[in-house]
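Please read the following account alongside the sequence and the coordinates.

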Amino acid sequence: MSGTSWVFGDNVDTDVLAPGKYMKSGIEELARHCLESVLPNFAADVRPGDFVVGGRNFGAGSSREQAPEALRHLGVAALVAVSYAGLFYRNAINLGLPAIVCANAGRIRAGDRLNVDPEAGRIENLSTGESLDCEPIPPHLAQLLRDGGLMPHLEKRLARERGIRS
Amino acid sequence: MPMNEAGSKAYATAQTLAQKIVARAAGKPAVTPGEIVICKLDLALMHDSGGPRRVKPLLEHLGARVWNPDRVVVVTDHYLPAHDDESRRIIEIARDWVRDAGVRNFYDGMGICHVVLPEKGHLRPGMFAVGGDSHSPTGGAFGAYMFGIGATEMLGVLVTGEIWLRVPQTILLEWTGRLADGIAAKDMMLAMCGKLGLDGGQYQAVQYSGETITALSMQERMTLCNMAPEVGAQTGLIAPDEVTRAWLEEAGVTKIDTSRWQGDPGAAVAAHHCFDAAALAPQVAAPHSPANAAPVAEHAGTRIDIAYIGACTGAKLEDMRMAARVLKGRRAASQVRLILAPASRRDQEIARAEGTLDAIIDAGASLLPTACGICAGYGANRLEENEVAITSTARNFKGRMGAASSRVYLGSAYTVAASAVAGHICDPREMLP
């Protein structure tokens, strides 16, 4: 997958990703306010296939799944960060949004064109010609991502179990 | 997981409290940090925001039922009071869903889920539990391994009764010495946030230990575990003892086993940090991170518009008692809005009966419902543009409680109350009787 990168710093929290004020709204409305308090034009200008790049502890804070869901809704293809808050990381993978751990995420600049292979754990920075090694996604989570997230994964599992029973 | 030589050797070695609880839930004699295990849930807690309104359509889509309704607890706390149509709809979904799903453990308007859960006797040492809220590690105060998950993962739990876990390492946070009067668990926690940073916990288990912890009441212990996510831990644990037992017995819990749920002496930990309680001053975390903690003197004199005593973190009975000690016979400064939203109905009723509530209200506080409210940026009372607040809550991320230009300082209920009286951030020790 290839797209343009949007770069944020350390500790991007779930309150800026999914502001409490809009949590009662549907994802469409909520996503319009994603990251607005740190980058007001983000939701309007991000394009399907783009990447969101963070520093340390991306997604700190709440369990609200709308944080990764808003990014997915806006068409973000994958996240790249030095590290993630554990709860956010689980939520992103469960929604089928690849969250890639890359110690050198800080070398990516806003607007860089990237080619990202989540399973191989490899990023080509098409703008600088640099390639960045990432941590491969653990096998049990790679399977979840291949299924498209936890929902389709559960659908498969239930269909299998029901098949066995009938 | 195959038992290789290193694994079997590790199995013979001492286990932390976290490992023991996870091993039991995974049906294994022992577990090794880093190992991926599937654990069976003893309990799943949901609230109205992340709970029924999110999982109901997913369950319907799958045509699946709840694995065991008696292990599910639902509490309404985020969209109460339901001040508009959307909020009312969300609360109605919760009420309808528990009935349809056969969930009998439903607490509607009784307070904030993390405080109501133990009050109603649902927690006990050694449990393995999840909650659909990041502050779910509050249950760790009772020696339960409890952590927060999102809605889709909750769906997985509801359908299967299981969840995967990477067995955590334990980070030991040891406190020695005695807290001075006017210093609370909240000050300890903010000091730890300052030292460890927002990601110092590395999504592992932190365990609070030492004589200072042993001397804390249950509600103060809850404050520490509640904020384990603020240091980036998956959960926060305190080994159960006689204080735990006495509290739980009062909540109607029977067959409490405290001796089984202790870490083995010499169990390997990832890190061991030591803190001196006697040297601790009141702490205040400046905008926009709990990790921006410093002794109150660094921020003394900062003018405030709002003083908010609220949330599962900071408006339990004992937090209210702290505030009342400062506020009794005093008034909040005229330009400050002092707000109290008790963490649970039970705590509010006790506070009312003993005069604690009156002391706070007589100081000029407005009383809001026992719900999450401002802390989560929900409801009708959000912070306005450029407002400055000091709160007893857990998080002060940018815009969390309202306008992006608002600024939130975190402190103990003592510090919030004293600052309300002074009109600016101040050291509560100056105002204690």
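The paragraphs below begin with the conventions and then turn to the sheets.

This is a predicted model, in which local features need pLDDT of at least 70 and side-chain atom pairs count only at pLDDT 80 or more, while totals for chains, interfaces and linings use all residues. Residues are numbered from 1 along each chain as its sequence is written, chains are lettered from A and ligands numbered from 1 in the order in which they are written, and side-chain values use heavy atoms, with hydrogens and water left out.

Helices (H or I, at least four residues) and strands (E, at least two) are DSSP runs, numbered from the N terminus. Two strands are taken to pair if DSSP finds at least two bridges between them. In chain B, five strands form an open sheet in the order β4-β3-β2-β5-β6, with parallel pairing. Because β4 (105–108) and β6 (145–148) of chain B each have a single partner strand, they stand at the edges, and one side of each is left without a neighbour in the sheet. On average, neighbouring strands here are turned by 15 degrees against each other, direction ignored. Axes are lines fitted to C-alpha atoms, for helices over the stretch in contact, and angles run from 0 to 180 degrees between N-to-C directions.

Within this sheet, four bridges pair β3 (residues 72–76) of chain B with β4(B) in the parallel sense. B:Thr76 has B:Asp108 of β4(B) opposite. Helix α2 (residues 17–26) of chain B lies across β5 (128–131) and β6 of chain B, at about 90 degrees to β5(B); contact here means heavy atoms within 4.5 Å.

Chain B also has an open sheet of four strands, ordered β10-β9-β8-β11, again with parallel pairing. Its edge strands, β10 (235–237) and β11 (271–276) of chain B, each pair on one side only. Strand β8 (residues 170–176) of chain B runs parallel to β11(B) and is joined to it by six bridges. B:Trp175 has B:Phe275 as its bridge partner in β11(B). Helix α7 (residues 185–196) of chain B lies across β8, β9 (205–209) and β11 of chain B, and runs at about 130 degrees to β11(B).

How many residues does each chain bring to the contact between chain B and chain A? Chain B gives 46 residues and chain A gives 37 residues. The two chains bury about 3400 Å² between them, 52% of it from carbon and sulfur atoms; buried area is the accessible area (1.4 Å probe) that two parts lose on being put together, summed over both. On the side of chain B, B:Leu62, B:Thr152 and B:Trp164 lose the most area to chain A, together 17% of what that side buries.

Seven salt bridges are counted between chain B and chain A, a salt bridge being a side-chain nitrogen of Lys or Arg within 4 Å of a carboxyl oxygen of Asp or Glu. One joins the side chains of B:Asp199 and A:Arg56, at 2.7 Å from N to O. Elements of chain B that each supply at least two residues touching chain A include α3 (52–62) and α6 (151–160). The largest share, seven residues, comes from α6(B).

Over all chains, the structure holds 38 salt bridges. In chain A, A:Glu130 forms a salt bridge with A:Arg107, their closest N and O atoms being 2.4 Å apart. This pair links distant parts of the chain, 23 residues apart: A:Glu130 lies in the loop between β6 (122–125) and β7 (131–133) of chain A, and A:Arg107 in the loop between β4 (99–101) and β5 (113–117) of chain A.
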